[in-house]
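Hi,

Here is the structure I promised to pass on. Have a look at it first, and then read on for what turned up when I went through it.

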Amino acid sequence: MKFLLMLLLTTSYVFSSAFISPTELRKLIIKENTVLLDTTDEKTFKEGHIPSAIRVDISDFRHQKGPFQLMNSSEDIQKVARRLGINNNSTVILYGHHKPKELLKASYMALALIANGCKNVSILNGGYEGWLFEYEDFISKADKKIKPGNFTAKFNPNILVDLDYVKNNIGKIPMIEARPLRYFNAKAQSSGVRRLGHIAKAQSSAWGNKFEHDQTIKPDEELNAIYLKKNKLNPNKEVITYCTGGLEASMNWYILHEHLHFKDVKLYDASMREWGNRDDTPMEK
């Protein structure tokens, strides 16, 4: 009964533009305030992309710090956003080409923009292949001429958390891990992570089980069954998401915060690349 009440509460406000269809994008790309960002590599981009798209690299949004990576400063993200033509009233849409991690790069870039005050951010549901299925003949190989934007970054300090915050809230705040289950259960070792297992008291919630094979987001009732029933999350209470190094966790963050409208979702950016390479951090197998 409690789960059903939570489900009804959540689905009553679950509609969002976090994931938009190719049809919706087709209408938006002709508008002056739309900025379309492609997360693929340069070679693939030049072979074909959605008209008016701009290629962007994940390194524009995060930097290396020892064995892990962290989100770039607001000042740096503001510079990147302006270089990409993003204004304060822009609608930003991201997509990838079904290559490894491109969808996750889209969710991390969306996270970085939203954390710095960008109000209208979406991901193309199904990515470039979804676009080709609908508009096979409407592609481009040309580079878009970019007019510099005027975006002003305003960082939200309530989104990213560090090691001390996580350590101090074990058992107090629900934590979900976005890595595949084999890493959570210590059956395999994540790249760049020395210790096996997961953060103590955390639950597994692999990002990949939120999507169909064509990289379209699963129906809301299936997402709610995972997050509310299986992970026992409350949309009105705080939750922390983490993974190997931030990318996978960004998708759980994006789905919860932007699509399902959970009120307080935080992300441990350094994740297991920091936590799993220390000897003073509680872990379980």
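Which residues does valine 92 touch, leaving aside those up to four places away in sequence? The list runs Val35, Leu37, Ile86, Leu113, Cys118, Asn120, Val121 and Ser122. Keep in mind that this is a predicted model.

As background, nonpolar side chains in soluble globular proteins tend to be buried together.

**The sheet**

Next, find the open sheet of five strands. Reading across, the order is β8-β13-β12-β9-β11, and the pairing is parallel. At the edges sit β8 (160-161) and β11 (203-204), each with pairing on one side only. Further in, β12 (residues 239-242) and β13 (residues 265-268) run parallel and are joined by three bridges. If you want a landmark there, threonine 241 stands opposite leucine 267 of β13. Helix α10 (residues 247-259) packs on this sheet and touches β9 (175-177), β12 and β13. The direction of α10 makes about 175° with that of β13.

**The aromatic rings**

You'll find seven aromatic pairs in the structure. One of them is phenylalanine 19 with phenylalanine 211, edge-to-face, at 6.0 Å centre to centre and with 75° between the planes. What parts does that pair tie together? Phenylalanine 19 belongs to strand β1 (residues 19-20) and phenylalanine 211 to the loop between β11 and α9, so the pair ties together parts that are 192 residues apart in sequence. Phenylalanine 211 also pairs edge-to-face with tryptophan 207, with 5.9 Å between centres and 65° between planes. Buried or exposed? Phenylalanine 19 and phenylalanine 211 are buried, and tryptophan 207 is buried too. Ring pairs also bring in Tyr254, giving a cluster of Phe19, Trp207, Phe211 and Tyr254.

**A few loop residues**

Asparagine 169 is in the loop between α7 (163-168) and β9. Why does asparagine 169 count as buried? Because its relative accessible area is 15%, and the cut-off for buried is under 20%. A polar atom of the asparagine 169 side chain lies 2.8 Å from the backbone oxygen of tyrosine 165.

The other two have a positive phi without being glycine. For glutamine 215, in the loop between β11 and α9, phi is near 65°. For histidine 261, phi is near 60°, and this residue is in the loop between α10 and β13. Histidine 261 has 29% relative accessibility, so it counts as partly exposed.

Over to you!

Conventions. Residues numbered from 1 in each chain as written. Predicted model: local features only at pLDDT ≥ 70, side-chain atom pairs only at ≥ 80, totals over all residues. Heavy atoms only, no water. Pairing = 2+ DSSP bridges. Helix = DSSP H or I, 4+ residues; strand = E, 2+ residues; numbered from the N terminus. Contact = heavy atoms within 4.5 Å. Axes fitted to C-alpha atoms, helices over the stretch in contact; angles between N-to-C directions. Buried < 20%, exposed > 50% of the residue type's maximum accessible area, 1.4 Å probe, protein only. Polar contact = N/O pair within 3.5 Å; in protein donor to acceptor, adjacent residues only side chain to side chain. Phe/Tyr/Trp six-rings, centres within 6.5 Å; stacked < 30°, edge-to-face > 60°.
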